[in-house]
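Take a first walk through this structure with the text below as a guide. Keep the sequence and the 3D view side by side.

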Amino acid sequence: MRPDLFEAPDYYNLDELLSEEHKLVRDAARQWVKRDISPIIEEFAQKAEFPKQIIGGLAEIGAFGPYIPMEYGGAGLDQISYGLIMQEIERGDSGVRSTASVQSSLVMYPIFAYGTEEQRKKYLPKLATGEYMGCFGLTEPDHGSNPSGMVTNFKDKGDHFLLNGAKLWISNSPFADIAVVWAKNEEGRIHGLIVERGMEGFSTPETHNKWSLRASATGELIFDNVRVPKENLLPGKNGLGAPLGCLDSARYGIAWGAIGAAMDCYDTALRYAKERIQFGKPIAATQLQQKKLAEMITEITKAQLLAFRLGQLKNEGRATTAQISMAKRNNVDMAIKIAREARQVLGGMGITGEYSIMRHMMNLESVITYEGTHDIHLLITGADITGLNAFK
Ligand code: TGC
Ligand code: FAD
């Protein structure tokens, strides 16, 4: 892969809206991506392997639990800082951002928000440093968009719970030390359980042959009569709203992350178009390529404004699920369209691993599907504005 020459576009001077702390946090993540991700990521994506050596770096830039209070090992930052960290990491690779999203919003958040004080003290500091890595098991082979139909279940056996079932498409599962698993009790109510690697009957086979998120490990979670200690139940919240509450936080991070992938594609295409000579002049001097580039920066700027305002609402505790859905859907769609256009600007070179664009484009095919598909987020907006639910 070529040297990383990335320069972040800021067409509407959005930096002026950021605090000094936001900029410090953002710049630290940006430099780390340039130094530790860009030089290696193409190789790991090509060999379909998660680069485990980056875990310590992710922890150092505050990517594990950015908004979790410092007393539990988190970085104690606000929601805009969290968003900026996700943006910078996904500028490098969506798969690396996935690892950070899952650790922060889908593992640390439920333990923080729904766990006991003992669970917080036991797990959060180790998750913040990356000593423990976690995963989140909601999706099942027959229940993706409709998690309320899940069949994974646990029975009360007196001194422990007995867990049975299977989860599919689980980011980080092949190497995770713990899994936050959503399962139904005997009354059919959904609860969260912390399952630890090494518990008998618990296995995590890897899912191979992905064309997307190749530098992220994805797998299954299989529970065959797993004895889960009772103290591993998350008591603070139950029902589908418990996992959906975690998804609000992760989807918010993705709304920012997708901007990073789009910025990288735009910046690469702009530089290439100015340097590439055809018919005796840079292709950037042609109207067709300018149309592509001008539309890209317009869409990126709109997405940045959407994410920033959502961050303000989130800081105030006012961001609704539907607002988060709109931003996740819009920004990922924006990024995937920009990746496709940017690839064309590079002509044949756009399909090689010399440049990051094709990898971003393939990654974004997962991002537009996970954490609620493009369709599901549209239906969430539709239900919100009409008061009529079109899911069922
Ligand atoms: P519905 O009837 O709407 O709601 C059930 C209960 O949940 C409450 N609720 C929420 N609570 C908190 N936060 C939210 N965001 C909530 N949304 C809904 C709701 O009030 C209700 O409460 P109660 O007390 O009345 O029971 O549920 P539904 O079955 O109709 O489903 C709605 C739907 C389709 C929107 C939901 O199921 C959905 O979002 N589906 C998409 C599934 C999804 O996003 N899966 C993601 C899996 S994790 C993942 O992809 C990780 S990728 C990680 C990475 O690598 O980055
Ligand atoms: P389905 O739900 O079967 O949907 C198939 C199609 O039908 C989609 O286009 C969908 O939009 C459409 N559709 C579904 N319902 C409706 C409806 N009511 N109206 C109109 N159209 C509809 N899950 C986890 O729990 N943890 C993870 O860590 C995790 N990581 C993932 C990593 C990757 C790389 C991928 C690809 C997925 C991951 N997922 C994870 C799962 C992800 O959340 C699901 O793939 C997603 O929710 C969609 O579910 P599905 O794939 O079963 O698709």
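Does Glu-88 count as buried or exposed? Glu-88 counts as buried, because its relative accessibility is 0%. Buried means under 20% relative accessible area, exposed means over 50%, and partly exposed is in between, with a 1.4 Å probe and protein chains only.

A word on the basis. This is a predicted model, in which local features need pLDDT of at least 70 and side-chain atom pairs count only at pLDDT 80 or more, while totals for chains, interfaces and linings use all residues. Residues are numbered from 1 along each chain as its sequence is written, chains are lettered from A and ligands numbered from 1 in the order in which they are written, and side-chain values use heavy atoms, with hydrogens and water left out.

Back to Glu-88. Helix H3 (residues 79–92) holds this residue. Helices are DSSP runs of H or I with at least four residues, strands are runs of E with at least two, and both are numbered from the N terminus. Beyond four places in sequence, Glu-88 is in contact (heavy atoms within 4.5 Å) with Arg-26, Ala-29, Arg-30, Val-33 and Met-263.

Now turn to the nonpolar cores. Such a core is a set of buried Ala, Val, Leu, Ile, Met, Phe, Trp, Tyr and Cys residues joined through side-chain atoms within 4.5 Å. The largest one has 102 residues, and Ile-111, Leu-127 and Trp-182 touch the most other members. Helix H6 (residues 241–275) gives the largest share of this core, 18 residues. Apart from it lies another core of 18 residues, including Cys-135, Ile-170, Leu-193 and Phe-202.

Next, find Phe-161 in strand E3 (residues 160–171). Phe-161 is buried, because its relative accessible area is 9%. Leaving aside neighbours within four places in sequence, its contacts include Phe-154, Leu-193, Val-226 and Leu-233. Phe-161 and Leu-193 are 32 residues apart in sequence, and their C-alpha atoms are 9.6 Å apart in space.

A nitrogen atom of ligand 2 is 2.9 Å from a polar backbone atom of Phe-136. An oxygen atom of ligand 2 lies 2.9 Å from a backbone N or O atom of Ser-171. A polar side-chain atom of Thr-373 is 2.7 Å from an oxygen atom of the ligand. Taken alone, ligand 2 exposes 980 Å², and the protein buries 68% of that. These areas come from the Shrake-Rupley method with a 1.4 Å probe.

Terms used
Polar contact = N/O pair within 3.5 Å; in protein donor to acceptor, adjacent residues only side chain to side chain.
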